[in-house]
Amino acid sequence: VNGVAYSSQGDLLASAGADGTVRIWGADGQLLKTLNHADSVRRVSFSPDGRLLASASADRTVNLWQVSDGKLLRTLRHPAGVRDVKFSPDGKTIATASSDRMARLWGLDGK
């Protein structure tokens, strides 16, 4: 496991797996969902409202997942492996850090 994150409500935990998986767990430790990347997942981050989960991967992508059903909503492509991902406090922007030493901001409102 490369990283973990709690939802802001504290009812869910997500784990970032070196095996390319993101796992979403209930607070009781029950596995709820398994989501897949093509390569090692380095970090995960819940949106402030807990509806979205972002996963940063060595496969040069950040995937945005809908937590309720595990649906992949969007893939953000990078020129290098992504090391970290965080939502802004208002949930409208994602910040990423990649192995090319660049930080990027991604607007989620279509702008």
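**N63**

I took buried as under 20% relative accessible area, exposed as over 50%, and partly exposed as in between, with a 1.4 Å probe and protein chains only.

I note that this is a predicted model, in which local features need pLDDT of at least 70, side-chain atom pairs count only at pLDDT 80 or more, and totals for chains, interfaces and linings use all residues. Residues are numbered from 1 along each chain as its sequence is written, and side-chain values use heavy atoms, with hydrogens and water left out.

I placed N63 in strand 7, residues 61–66. Strands here are DSSP runs of E with at least two residues, numbered from the N terminus.

Next I looked up what N63 touches, leaving aside neighbours within four places in sequence. The contacts are N36, H37, L53, A54, S55, L72, R74 and T75. Contact means heavy atoms within 4.5 Å. With T75, the side chain of N63 also makes a polar contact of 2.8 Å. For a polar contact I required a pair of N or O atoms within 3.5 Å; within protein, one must be able to donate a hydrogen and the other to accept it, and residues adjacent in sequence count only if both atoms are side-chain atoms.

I then traced the open sheet of four strands with the order 5-6-7-8. Its pairing is antiparallel. Two strands pair if DSSP finds at least two bridges between them. Strand 5 (41–46) and strand 8 are the edge strands, and each pairs on one side only. The twist averages 20° from one strand to the next. I took axes as lines fitted to C-alpha atoms, with angles from 0 to 180 degrees between N-to-C directions.

How many bridges join strand 6 and strand 7? I found five, in the antiparallel sense. L52 stands opposite Q66 in strand 7.

I looked up another open sheet of four strands, with the order 1-2-3-4 and antiparallel pairing. Why is one side of strand 1 and of strand 4 left without a neighbour in the sheet? Strand 1 (3–6) and strand 4 (31–36) stand at the edges and have a single partner strand each, so one side of each stays without a neighbour. Here the twist averages 15° from one strand to the next.

Strand 2 (residues 12–16) pairs with strand 3 (residues 21–26) over five bridges, in the antiparallel sense. I found A16 opposite V22 in strand 3.

I checked R60, in the loop between strand 6 (52–57) and strand 7. R60 is not a glycine, yet has a positive phi of about 75°. Its relative accessible area is 46%, so I logged R60 as partly exposed.

R101 also has a positive phi, about 65°, and is not a glycine. I located R101 in the loop between strand 10 (93–98) and strand 11 (103–107). At 81% relative accessibility, R101 is exposed.

G81 is buried, at 8% relative accessibility. Not counting residues up to four places away in sequence, G81 touches R42, S57, A58, R60, S98 and S99. I also looked up G81 and V62: they are 19 residues apart in sequence and 9.4 Å apart in space, C-alpha to C-alpha.
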